Amino acid sequence: CDETGVNVKGTLHWIHTVSSDVMTYYMLHAKRGTIAMDEMEILPEYKGIAVHDHWRPYNKYSCKHSFCNAHHLRELNFISQSEKVIWSENMHVLLTTINKEVYKAKKRGKTYFPKNKVAQFIQYYDDICKGALVYYPPPDTTTKKARGRTAQAKGKNLLDRFIKYKEEVLRFCTDFSVPFTNNLAERDLRMIKVKEKISGTFASFKGGEIFTRIRGYISTVKKNNR
């Protein structure tokens, strides 16, 4: 799943996509969040695994989720450069190593890792998260803040996500049918951005709807080698 902003008669709209290896569906909508996704009528009823970039509205749906690790790798690189911490480098190495191991296993015809191998990877993951906490001591509660939550370092926000959503981050490791990234959906949106670069805008909402329907059909046909 993914979405991208487009210009319709000078106003920001959004094209949402839900993609698989054999199908592509696009929908143009004035909204970006769950109002649009509900009207699409796919995710509310979906029972499989949704792969996305951890944008919060996706997490509302009751299906299983997997988070795009390409996004995580970019965020980890940023944390390593801006905060000069080791945990982000270690997590980057771990995720890329697991991905390589999954790729090798699939090449050998395997459909899953042995339980002990999965347990080993999860233990490494937990150790990195536990060790990372030393970089972010608890906030000082002696000084009262007027209002709002105490701001956290970006690295702590990312670490909190890794701790809370460990299953979603590592699902590509525990289920070989799940990809490492949501690159499929991003690729399916690429032609939308090419179209926008050429024409600059949709002249009408109806024209945008026509384009997304035709584009979805062409993409689906190509995925089925027709």
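Predicted model: local features only at pLDDT ≥ 70, side-chain atom pairs only at ≥ 80, totals over all residues.
Two packed helices are described by the angle between their axes and the distance between the axes. In the model, helix α4 covers residues 87-107 and helix α5 covers residues 115-132. Their axes come within 9 Å and cross at roughly 165°. Angles over 145 degrees count as roughly antiparallel, so α4 is roughly antiparallel to α5. The crossing in which α4 passes α5 is left-handed. On the α4 side, the contact is formed by Trp87, Asn90, Met91, Leu94, Ile98 and Glu101. The α5 side supplies Lys117, Phe121, Tyr124, Tyr125, Ile128, Cys129 and Ala132. Sorted by class, the contact of α4 with α5 contains 10 nonpolar, 1 polar and 2 charged residues.

Helix α5 also packs against helix α6, which spans residues 154-164. The axes of α5 and α6 come within 10 Å and cross at roughly 145°, and this crossing is left-handed. Tyr125, Cys129 and Ala132 of α5 meet Leu159, Phe162 and Ile163 of α6. The contact of α5 with α6 has 6 nonpolar residues, with no polar and no charged residues. Tyr125, Cys129 and Ala132 of α5 are also listed in the contact with α4.

The remaining pairing to be described is that of α4 with α6. These helices pack at an angle of about 40°, and their axes are 12 Å apart. Because of this angle, α4 is oblique to α6. The crossing of α4 and α6 is left-handed. Trp87, Met91 and Leu95 represent α4 in the contact, while Gly155, Leu158, Leu159 and Phe162 represent α6. By class, the contact of α4 with α6 holds 6 nonpolar residues, 1 polar residue and no charged residues. Trp87 and Met91 of α4 also take part in the contact with α5, and Leu159 and Phe162 of α6 also take part in the contact with α5.

Empty space was examined next. Rolling a probe the size of a water molecule over the atoms shows where empty space is left. The largest pocket holds about 640 Å³ of space. It is lined by 24 residues, of which Ser19, Ser20, Asp21, Ile49 and Leu184 are the closest to its centre. Two or more lining residues come from each of β2 (11-19), β3 (24-29), β4 (49-52) and α9 (183-199). Helix α9 provides the largest share of the lining of the largest pocket, with 4 residues. By class, the lining of this pocket has 14 nonpolar, 8 polar and 2 charged residues.

A search of the whole structure for cavities of 30 Å³ or more finds 1. The space in the largest cavity is about 40 Å³. The residues lining the largest cavity are Cys1, Asp2, His16, Thr17, Val18, Met37, Met40, Leu43 and Tyr58. At least two of the lining residues are supplied by β2, and at least two by α1 (34-40). Strand β2 gives the most to the lining of the largest cavity, with 3 residues. By class, this lining has 6 nonpolar, 2 polar and 1 charged residues.

Terms used
Residues numbered from 1 in each chain as written. Heavy atoms only, no water. Axes fitted to C-alpha atoms, helices over the stretch in contact; angles between N-to-C directions. Parallel < 35°, antiparallel > 145°, perpendicular 65-115°, else oblique. Left-handed = near helix turned anticlockwise from the far one by under 90°. Contact = heavy atoms within 4.5 Å. Nonpolar A, V, L, I, M, F, W, Y, C, P; charged D, E, K, R; others polar. 1 Å grid on protein atoms, 1.4 Å probe; cavity = no way out; pocket = protein on both sides within 12 Å on 5 of 7 lines; lining within 4 Å. Points joined across faces, edges and corners; volume = space filled by probe spheres on them.
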